[in-house]
Amino acid sequence: AAGTSGQFLKTQGSGANPTWGDISAGLTPSVYLNLNSDTSNKNSQTWFTIGGSNIAATEIYDTDNACTNGIFTVPSGKAGTYLVNIFSTHTGSSSHSGSDGIGHRIQVSTDSGSSWTVTPTNGEYKSGYLPHPGSELTAANSTHIAYNLSVGHQLRGQVWSYKGGSSNVVWKAGFTNGSFSGSSGGTYMQLMKIF
């Protein structure tokens, strides 16, 4: 018999009749972390977790209550492949050079955070310095895929800055007043299940 509108026909294995099922996959909102205020001066050439203690972020949404201090733990029933978007900006009190920039990466842990691996392989990405008259602003946007995560696996998004080895990098939060003046630009991470 016909199933309910929107269902799909799925196999139940050899010797069993197929059955109608509900589609549960697709773009599933998971976590959105937004830097809530500019940081103090931070050391460059150091990886910081978005939502961690060094660049604290507000959870705009966390649909499964699965993210703590910027670390997302795959909840029951949500194993699969995840899409991660990272956007970040930072400024500094000294001049940038042409080699400066922001690095982005995501890391996965399969052992409750004892060890972390960059995913995918060669998945650290750098945006070069973008000159901005009147302020030393560097910005980067990147999209990442974490394939075939299992329940209990952990995922985190990280940012890094090279600025001549200085320790005066300030990670920037977004605006709330809509004036868009000055050098702020925003820093956030968005994570969602796609398969």
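This is a predicted model: local features need pLDDT of at least 70, side-chain atom pairs count only at pLDDT 80 or more; totals for chains, interfaces and linings use all residues.
## Overall make-up

The protein chain has 15 strands and 0 helices. Its length is 195 residues, and 44% of them are buried. Take the contacts in the chain with a separation of 6 or more: 73% of them join residues 24 or more positions apart.

## The nonpolar core

In soluble globular proteins, nonpolar side chains tend to be buried together. Here the largest nonpolar core holds 27 residues. Phe72, Leu155 and Trp171 have the most contacts inside this core.

Several strands supply two or more residues each to the core. They are β3 (28–35), β8 (80–92), β9 (101–109), β12 (137–149), β13 (154–162), β14 (169–171) and β15 (188–193). Three of these strands, β3, β9 and β12, come up again below.

## Strand β3 and its partners

Strand β3 is largely enclosed by the rest of the structure, because 6 of its 8 residues are buried. Strand β15 runs antiparallel to β3, and 6 bridges join the two.

## Aromatic rings around Tyr32

The structure contains 5 aromatic pairs. A pair of aromatic rings is described by the distance of the centres and the angle of the planes. For Tyr32 and Tyr188, the centres are 5.5 Å apart and the planes stand at 70 degrees, so this pair is edge-to-face. Tyr32 belongs to strand β3 and Tyr188 to strand β15, so the pair ties together parts that are 156 residues apart in sequence.

Tyr188 counts as partly exposed, because its relative accessibility is 25%. Tyr188 and Tyr32 also share one aromatic cluster with Tyr61 and Phe87.

## Strand β9: covered on both sides

Strand β9 is mostly covered, with 9 of its 9 residues buried. In a regular strand the side chains alternate between the two faces of the sheet. In β9, Gly101, Gly103, Arg105, Gln107 and Ser109 point one way. Ile102, His104, Ile106 and Val108 point the other way. Both sets are buried.

β9 has antiparallel pairings with several strands. With β13 the pairing spans 9 bridges, and Arg105 stands opposite Gln158 of that strand. With strand β11 (residues 125–128) there are 4 bridges, and His104 has Tyr125 opposite. With strand β10 (residues 117–119) there are 3 bridges. Val108 has Thr117 as its bridge partner in β10.

## Arginines over rings

Two arginines sit over tryptophan rings. Arg105 lies over the face of Trp47, at 4.0 Å from the ring centre.

## Two buried polar residues

Ser109 is part of strand β9. Its relative accessible area is 0%, so Ser109 is buried. Its side chain makes a polar contact of 2.9 Å with the side chain of Asp111. Leaving out residues up to four places away in sequence, Ser109 touches Ser114, Ser115, Trp116, His153 and Gln154.

His144 sits in strand β12. It counts as buried because its relative accessibility is 2%. The side chains of His144 and Ser142 are joined by a polar contact of 2.8 Å.

Beyond residues up to four places away in sequence, His144 touches Tyr82, Leu83, Val84, Ile86, His104, Arg105, Ile106, Gly123 and Tyr125. Of these, His104, Arg105 and Ile106 are buried residues of β9. Tyr125 stands opposite His104 and is part of β11.

Conventions. Residues are numbered from 1 along each chain as its sequence is written. Side-chain values use heavy atoms; hydrogens and water are left out. A nonpolar core is a set of buried Ala, Val, Leu, Ile, Met, Phe, Trp, Tyr and Cys residues joined through side-chain atoms within 4.5 Å. Buried means under 20% relative accessible area, exposed over 50%, partly exposed in between (1.4 Å probe, protein chains only). A polar contact is a pair of N or O atoms within 3.5 Å; within protein, one must be able to donate a hydrogen and the other to accept it, and residues adjacent in sequence count only if both atoms are side-chain atoms. Contact means heavy atoms within 4.5 Å. Rings of Phe, Tyr and Trp (its six-membered ring) pair if their centres lie within 6.5 Å; planes under 30 degrees apart count as stacked, over 60 as edge-to-face and the rest as tilted. A charge sits over a ring if NZ of Lys or CZ of Arg is within 6 Å of the ring centre and within 35 degrees of the ring normal. Two strands pair if DSSP finds at least two bridges between them.
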